[in-house]
Every structure is written in structure tokens, then in C-alpha cells.
Amino acid sequence: MKPSHIEHLGIAVTSLEEAMPFFEFLTGSKCYSIEVVEDQKVKTAFFKVGEVKIELLEPTSPESTIAKFIEKNGGRGGVHHVAFNVENVAEALAEAEAAGLQLIDKAPRKGAENLMIAFLHPKSTKGVLTELCQQPK
Ligand code: ZN
């Protein structure tokens, strides 16, 4: 798949408001974008660490996969996924499928920041929920 870099780390939090001061302290930067992704029932907040971003994810509904993740994690947040930047998500998905990996998304969809994204199932990625993303043209 040959990703160019890690695009972001997705970190689940119970509350953006509560978590943001820590991430401002940690990264020495202000959150530069807050966005609701209806599709995934999350509210996201982004920070930059060099070229890599940190995506904080707060569930907007108990139905959100992030809410379920937090519940499984004893009510705490934590690292949820690792996102790799690829040239073309559709091609990377086809490559992953051909390699026998289990896909969560059969086709790319729109994520936060207008990225085209797709997830690979942690069952076939050594337990790490893996996101592939492609920059908007
Ligand atoms: Zn992500």
C-alpha cells in the first residue's frame, strides 16, 4: 500500500471540552478545527504535531462506535485508530482485499477534513483499527 506517512492518530475522548486543554498542553498548539461527522456520530477536534495530526473523537450518540469503544474501555477514552495516508484509497482497499485483509468499508467514503477514508478490520490488522485516507484533490 505504501503510505506516505501517518496522517493522524484517532483518540477517543468522553468530552472534547474536558480533553482539549490537555492536548493543547501536550502539543503546544491550539485546536485548529472542530467538525461534526454525522455519518460516524462523532464530533472531532484536530491538533497538529509536525506533519501528523491528532484527531480527538467525542461520540455524539450512544449509538456511535466511539461510544461503544469508550464503554468497552471502562468508560475511558484511548487510542482508537491509526490513519495512513495513501495516494488512492480505492486502490489501497483493493490491494488490502487481495492480500486477504478484512475490510470494514468496501468503498471509500467521506471523513472529517474532506478526506476520502476507509477502515480495515482490526481482526486482520494485528488488533489495530487501521484507517486509510486520501487527501482531497
Ligand atoms: Zn481518523
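**Strands, metal site and rings**

Author: Glu35 stands opposite Thr44 in S3. This is a predicted model, where local features need pLDDT of at least 70, side-chain atom pairs count only at pLDDT 80 or more, and totals for chains, interfaces and linings use all residues. Residues are numbered from 1 along each chain as its sequence is written, and side-chain values use heavy atoms, with hydrogens and water left out.

Reader: How many bridges join S2 to S3?

Author: Helices (H or I, at least four residues) and strands (E, at least two) are DSSP runs, numbered from the N terminus. Two strands pair if DSSP finds at least two bridges between them. S2 and S3 run antiparallel, and the number of bridges joining them is five.

Reader: Which residue in the hairpin of S2 and S3 takes a positive phi?

Author: The hairpin has four residues between its strands. The positive phi is near 50°, and the residue that takes it is Lys41.

Reader: Which strands stand at the edges of the sheet?

Author: Eight strands form an open sheet with mixed pairing, in the order S2-S3-S4-S1-S5-S8-S7-S6. Each edge strand has a single partner strand, so one side of each is left without a neighbour in the sheet; the two are S2 and S6 (109-110).

Reader: What is the bridge partner of Asn85 in S8?

Author: Strand S5 (residues 78-85) runs parallel to S8, and four bridges join them. In S8, the partner of Asn85 is Cys133.

Reader: Which backbone nitrogen does the side chain of Gln134 reach?

Author: Gln134 has its place in strand S8 and is buried, with a relative accessible area of 12%. Buried means under 20% relative accessible area, exposed over 50%, and partly exposed in between (1.4 Å probe, protein chains only). At 2.8 Å, the side chain of Gln134 reaches the backbone nitrogen of Val89.

Reader: Which residues coordinate the zinc ion?

Author: Donors are N, O and S atoms within 2.8 Å of the metal (3.2 Å for Na, K and Ca); water is not among the atoms, so sites may look incomplete. At 2.0 to 2.3 Å, the zinc ion is coordinated by His8 (NE2), Glu55 (OE), His81 (NE2) and Glu131 (OE).

Reader: Why is the arrangement around the zinc ion irregular?

Author: Four donors count as tetrahedral if all angles lie between 85 and 135 degrees; four count as square planar and six as octahedral if opposite donors are over 155 degrees apart and all others between 65 and 115; anything else is irregular. The arrangement is irregular because the four donor atoms subtend angles of 83 to 172°.

Reader: How many residues apart in sequence are the parts that Glu55 and Glu131 tie together?

Author: Glu55 is buried at 6% relative accessible area, and Glu131 is buried at 3%. Glu55 lies in strand S4 (residues 52-59) and Glu131 in strand S8 (residues 130-134), so the distance in sequence between the parts they tie together is 76 residues.

Reader: What is the angle between the planes of Phe22 and Phe23?

Author: Rings of Phe, Tyr and Trp (its six-membered ring) pair if their centres lie within 6.5 Å; planes under 30 degrees apart count as stacked, over 60 as edge-to-face and the rest as tilted. The structure holds three aromatic pairs. Phe22 and Phe23 form an edge-to-face pair, 5.0 Å centre to centre, and the angle between their planes is 80°.

Key:
A polar contact is a pair of N or O atoms within 3.5 Å; within protein, one must be able to donate a hydrogen and the other to accept it, and residues adjacent in sequence count only if both atoms are side-chain atoms.
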